[in-house]
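Open the model in your viewer and keep the selection tool at hand. Each stop below says what to select and what is there.

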Amino acid sequence: MATFLYRLGRTAFRRRRLVVLLWAVVLGAVGAGAAKAPAAGDDGTSFMPGIEAQKAFDLIGERFPGSDADGADARIVFIAPEGQKVTAAGNRAAIDTLVEEAAGQSQVARAVGPFQAGAVSEDGSTAYATVSYKVAAGDLTDADKQALEKAVDEARDAGLTVETGGTALATQPAAGGAGEAIGIGLAAVVLLITFGSVAAAGLPLLTAVIGVGISMCTILALGSAFGLSMTTGTLASMLGLAVGIDYALLVVSRYREERANGHEPREAAGIATGTAGSAVVFAGLTVVIALAGLSVIGVPMLTKMGLCAAGAVVLAVLVALTLVPALLGMWPDAVLSRKARRRPAGRSAGAGGNGGTRWARFVLRRPVTVLLAGVVGLGVLALPAADLQMGMPGAEAKPVSSTERRAYDALAEGFGAGFNGPLTVVADVRGAADPKAAAATIAERIEGTDGVVSVSPAQFNPAGDAALLSVVPSTGPSDETTKDLVQTIRAERPALEEGTGATFEVTGSTAMNIDVAQALQDALVPYLIVIVLLSLVLLMVVFRSVLVPVKAAFGFLLSVLASLGAVVAVFQWGWGAELLGVEQAGPIMSLMPVFLVGIVFGLAMDYEVFLVARMREAYVHGERAPQAVVTGFRHSARVVTAAAVIMIAVFSGFIGAGESMIKTIGFGLAVAVLFDAFVVRMAFVPAVLALLGDKAWWLPRWLDRILPRVDVEGAGLSRVPAAQDPTGTGTRPQEPART
């Protein structure tokens with residue numbers, strides 16, 4: 001592989017104008033496609049097939065034709081001025097006017113006012129109206145949205161406090177806003193400090209932005225065909241930017257190193273692409289496999305986000321292997337520091353020590369102390385993960401500045417906490433002798449269950465073989481007591497089915513969130529096991545070792561559990577939550593732990609390959625195991641540190657997002673990179689390798705024969721003569737290969 005990439009790097013350097021032109025054409029083509037593509041609508045796929053809430057949801061769509069169970073809705077909450085009631089003549093007239101205007105819009109299926117439905121609180125201070133639409137929220141026209149907003153404003157002008165919940169006017173999640181821009185700015189500062197050159201700092205940023213631009217334009221262009229929204233592309237944007245900078249950083253850093261060792265520009269670009277590029281390929285492969293593996297969880301949205309992000313990572317790898325050496329060909333000396341440019345041609349920078357060397361020697365002197373400190377520290381941080389509670393926070397997790405949150409709070413105060421998360425029960429009465437009596441019996445039994453406030457009268461479909469019931473719990477939608485209530489109601493099903501001949505299923509947003517959280521929690525450990533086994537196999541191929549992959553997998557488990565513990569402590573327990581703008585602590589977003597495990601696996605393997613590949617390279621070229629650790633740190637510690645700081649900066653930018661899921665993912669990934677790069681890779685890895693010595697690189701002969709051989713460390717490059725180049729005559733020295 002190293003030989004192929006070496007030749008690819010030299011070719012890209014030589015044909016630099018053609019390579020740059022091709023990437024510009026690709027960017028322009030997908031940009032034009034994105035501009036002309038229709039907006040992505042709802043793809044109609046099930047959120048998570050197989051769970052009871054989803055099956056009940058599908059049954060409603062089948063038995064109640066035209067009900068549009070997946071259609072958008074708006075719950076408009078009215079609060080009377082202090083000392084008044086919503087039933088006062090003026091307030092009532094304003095509410096009725098709003099409902100009439102909402103009902104007159106083309107996409108509205110029905111609009112029910114509070115005085116028709118009895119939706120007025122006992123003290124008369126609060127009421128709500130429900131507007132149901134024929135289409136999903138993503139398919140609503142701007143005209144219908146603006147008409148509803150105008151009607152709401154008119155009601156406010158009449159003196160009422162009006163807030164809107166539901167999906168119709170829900171604010172779209174922002175990826176990071178100014179915070180993301182700050183993250184990119186911090187990345188630029190880190191690159192400038194690391195390289196001491198504006199060009200060297202700007203090149204990784206430029207190539208990463210080009211890669212992300214192509215990825216996001218592709219998502220937009222294909223959005224309508226595959227149901228890909230901007231939310232789906234958030235992860236692609238986040239990861240594409242981070243790994244794009246890191247991969248380019250690794251290649252540029254190795255290019256500068258080879259130039260310092262006396263190689264002419266084209267040869268240095270070839271060696272950098274062959275060695276650092278090999279590490280980029282395998283690092284990117286681990287991220288892609290981890291992200292693509294999210295598809296086995298069974299959540300269509302998760303699958304789309306994972307595949308989109310995997311595509312962004314593939315683009316980042318291709319950019320690093322082709323566009324980066326091409327741009328180095330455009331400005332071969334600009335990326336060098338001033339000191340390197342002043343150095344006479346052919347004079348090597350030498351192999352002096354640096355901060356990485358000093359740290360590695362410190363760890364080699366005290367491996368047991370460093371190892372225990374790292375393991376114990378991360379172990380303590382991981383303890384809160386044992387209390388992980390997964391759910392799907394709704395409007396209660398939004399900022400109090402949002403109308404959705406204020407509508408939620410007003411309904412909870414006026415009608416009770418459970419009113420914001422009613423359960424929908426769909427009864428299948430085809431097997432009942434008396435369908436109406438069977439539905440009434442089911443309603444009566446559920447209403448008598450502890451924790452149920454009320455059950456609505458049964459609403460039958462035209463065929464009379466199914467009925468809908470709305471159940472209001474006494475507790476909020478994210479409360480653990482509500483989860484227990486759902487399980488209790490479902491446990492009553494066998495007895496009711498035997499007595500009435502009818503059966504039922506529980507759904508609604510609350511039940512759906514509960515079922516999804518449970519399914520994802522059940523899938524978390526198997527997914528973790530699968531990707532750990534995957535890492536063992538992949539790293540055995542890369543490093544030709546048994547113990548190095550085991551060490552890497554154990555370090556990954558430490559970092560992911562510690563980061564999960566930090567997420568639980570902040571977002572579930574509320575420790576320091578106000579500092580991050582978290583409005584209300586509660587269950588962790590059910591998708592987030594699975595995301596975290598998959599993404600952190602990929603990033604952890606990135607750092608493992610970046611760092612240990614240089615150690616393996618030194619070992620293969622004749623150094624003893626302890627000195628190979630020092631050599632690896634001398635060449636890679638600064639790059640890995642800079643890459644980690646950049647990723648932390650980029651991910652931290654997403655903490656400023658208004659969307660709870662994006663905020664949680666941004667925080668989780670930032671602390672995961674912090675733990676993995678600076679504790680696991682910088683302390684745990686050298687300490688373990690110091691204790692293992694030469695045994696770290698042991699591989700049974702039978703396994704050595706089975707595993708495919710990939711030249712990540714670039715040993716094969718010593719056998720490839722440097723091609724003659726009019727710009728110089730650098731010839732690679734022959735280095736002794738370890739057998």
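Predicted model: local features only at pLDDT ≥ 70, side-chain atom pairs only at ≥ 80, totals over all residues.

Residues are numbered from 1 along each chain as its sequence is written, and side-chain values use heavy atoms, with hydrogens and water left out.

**Stop 1: a helix**

Select residues 547-572, which form helix 20. Helices here are DSSP runs of H or I with at least four residues, numbered from the N terminus. Helix 20 has 26 residues and spans 36 Å from its first C-alpha to its last, close to the 38 Å expected at 1.5 Å a residue. The expected span is 1.5 Å times one less than the number of residues.

Is helix 20 mostly covered or mostly uncovered? It is mostly covered, since 21 of its 26 residues are buried. Buried means under 20% relative accessible area, exposed means over 50%, and partly exposed lies in between (1.4 Å probe, protein chains only). Now select Gly-574, which follows helix 20 and has a positive phi, near 90°.

**Stop 2: a cavity**

A cavity is a set of points on a 1 Å grid over the protein atoms alone where a 1.4 Å probe fits but cannot get out; its lining residues have an atom within 4 Å of a point. Grid points are joined across faces, edges and corners, and the volume is the space filled by probe spheres set on the points. The model has two cavities of 30 Å³ or more.

Go to the second largest cavity, which holds about 40 Å³ of space. To see its lining, select Thr-207, Ala-208, Gly-211, Gly-244, Ala-248, Ala-316, Val-319 and Ala-320. Which helices each supply at least two of the lining residues? They are helix 8 (198-226), helix 9 (234-260) and helix 11 (300-330). The lining has five nonpolar residues, three polar and no charged. In this count Ala, Val, Leu, Ile, Met, Phe, Trp, Tyr, Cys and Pro are nonpolar, Asp, Glu, Lys and Arg are charged, and the others, Gly among them, are polar.

**Stop 3**

Select Cys-217 and Cys-308. The sulfur of Cys-308 is 13 Å from the closest cysteine sulfur, in Cys-217, and that is too far for a bond. Cys-217 is buried at 19% relative accessible area, and Cys-308 is buried at 12%.

**Stop 4: salt bridges**

Side chains of opposite charge can pair when their charged atoms come close. The structure holds 23 salt bridges, each a side-chain nitrogen of Lys or Arg within 4 Å of a carboxyl oxygen of Asp or Glu.

Select Glu-52 and Arg-493, whose side chains meet in a salt bridge of 2.9 Å, N to O. This pair links distant parts of the chain, with Glu-52 in helix 3 (residues 52-63) and Arg-493 in helix 18 (residues 493-500), 441 residues apart. Both Glu-52 and Arg-493 are buried.

Next, select Asp-333 and Arg-259, which form a salt bridge with the closest N and O atoms 2.8 Å apart. Asp-333 is in the loop between helix 11 and helix 12 (338-342), and Arg-259 is in helix 9, 74 residues away. Asp-333 is partly exposed at 36% relative accessibility, whereas Arg-259 is buried at 17%.

Terms used: 1 Å grid on protein atoms, 1.4 Å probe; cavity = no way out; pocket = protein on both sides within 12 Å on 5 of 7 lines; lining within 4 Å. Disulfide = S-S within 2.5 Å.
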